[in-house]
Amino acid sequence: MSNPSTGASSKSKLGSSQPSETSFKRKRGVFQKDLQHMMYGFGDDPNPLPETVALVEDIVVEYVTDLAHKAQDIGSKRGKLSVEDFLYLIRKDLPKLNRCTELLSMQEELKQARKAFEVDEEKLGTLE
Amino acid sequence: MKQSKDPFEAALEEQEESPPDSPVGEDELNSQTPNEAQNQTDGGQNILVDDDDDDYDDLGPTIKNPSHPSSSSTPKLHSTSVNASVAAAVTNKNKEYDDDEEEENVDVELSKFPSSADPTKMAKMQAILSQFTEDQMSRYESFRRSALQKSNMRRLLVSITGSQKISLPMTIVVCGIAKMFVGELVEKARMVMTERKESGPIRPCHIREAYRRLKLEGKVPKRSVQRLFR
């Protein structure tokens, strides 16, 4: 089947115009492996069709692109892009919002735990 | 069709009858120690388990899966042997943030469950999870464990925004949002398939129809500027 008209060519334009060290020329199948497992987890076949995975990837990239653009518009008013901009964008979508706050709080906890771990390591080091 | 509906209902009934597994004790905890180093990409992280236990004290019992290696943990958690794998989960969760190893524990994902750290919820989850068939368990494992790579997401965000300052929390949040979006797509595609009375793997036409419906529902951000020169 022909590729959907979403995302493919415009992404490469974006990639080439950015002078970033990782010029993201929108290679095919960037998320392919992860997406296969994810789609199985959400209800697809254990081996999803490759064209389905490619389509989902295109859609996801377009979704993230639109989301990031909107977040940037919001963030530009404040000066720079921050996490709150994304959270503001999904404020209406409760499951996503809750999930994101959960992820952020978990990340904080893990950071604290890692810090505590390093402190312990130092203590052990000085003891010896 | 959703497989998850039946076991939940069955488990809810089951929960009334039989209490969660009684504590098994240290033996199982110790027996899992040898398996510690197997799938750990970063051995040093194991020690984190002890510290993480403080944070994850309320982590409920998870399914003990003896076929999978798991690191041991101090028995600060509930006494079910299952909790040994919880600690593994905690440790491995650290690494999930670093690299998405598909070989990690089943139990890895399950520890993240107590969103509310509520004992009744944990008991319910355990009751449900114990009812899973192998097929359901593997699907659930894929669901919990799969994630989009943070590095790829970061690269994508950098190329979109043009700014190099993409913080780690931002990457994590966007990965989470994208994963849930994939879930919505796939679930809706399955609904479309049942409406059309088709079966088998999901085809692109189902995804497109699902995407169209999501757009109608307003769950997809609309482009304020028209896409030109595609």
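At what angle do the axes of helix α2 of chain A and helix α7 of chain B cross?

1. In this predicted model, where local features need pLDDT of at least 70, side-chain atom pairs count only at pLDDT 80 or more, and totals for chains, interfaces and linings use all residues, side-chain values use heavy atoms, without hydrogens and water. Residues are numbered from 1 along each chain as its sequence is written, with chains lettered from A and ligands numbered from 1 in the order in which they are written.

2. The axes of α2(A) (residues 32-42) and α7(B) (residues 134-145) cross at roughly 130° and come within 7 Å. The crossing of α2(A) and α7(B) is left-handed.

3. Contact (heavy atoms within 4.5 Å) between α2(A) and α7(B) involves, among others, A:His37 and A:Tyr40 on one side and B:Asp135 and B:Arg139 on the other. The residues of this contact comprise three nonpolar, four polar and two charged.

4. For α3(A) (residues 50-78) and α9(B) (residues 168-196), the axes come within 10 Å and cross at roughly 135°, which means that α3(A) is oblique to α9(B). α3(A) passes α9(B) in a right-handed crossing.

5. The contact of α3(A) with α9(B) includes A:Val56, A:Tyr63, B:Ile177 and B:Phe181. By class, this contact has 12 nonpolar residues, no polar and no charged ones.

6. Over all chains, the structure holds zero disulfides (pairs of cysteine sulfur atoms within 2.5 Å). A:Cys100 is buried at 0% relative accessible area, whereas B:Cys205, at 30%, is partly exposed (buried is under 20%, exposed over 50%, partly exposed in between, with a 1.4 Å probe and protein chains only).

Terms used:
Axes are lines fitted to C-alpha atoms, for helices over the stretch in contact, and angles run from 0 to 180 degrees between N-to-C directions. Helices (H or I, at least four residues) and strands (E, at least two) are DSSP runs, numbered from the N terminus. A crossing is left-handed if the near helix is turned anticlockwise from the far one by less than a right angle, and right-handed if clockwise. Ala, Val, Leu, Ile, Met, Phe, Trp, Tyr, Cys and Pro count as nonpolar, Asp, Glu, Lys and Arg as charged, and the others, Gly among them, as polar. Angles under 35 degrees count as roughly parallel, over 145 as roughly antiparallel, 65 to 115 as roughly perpendicular and the rest as oblique.
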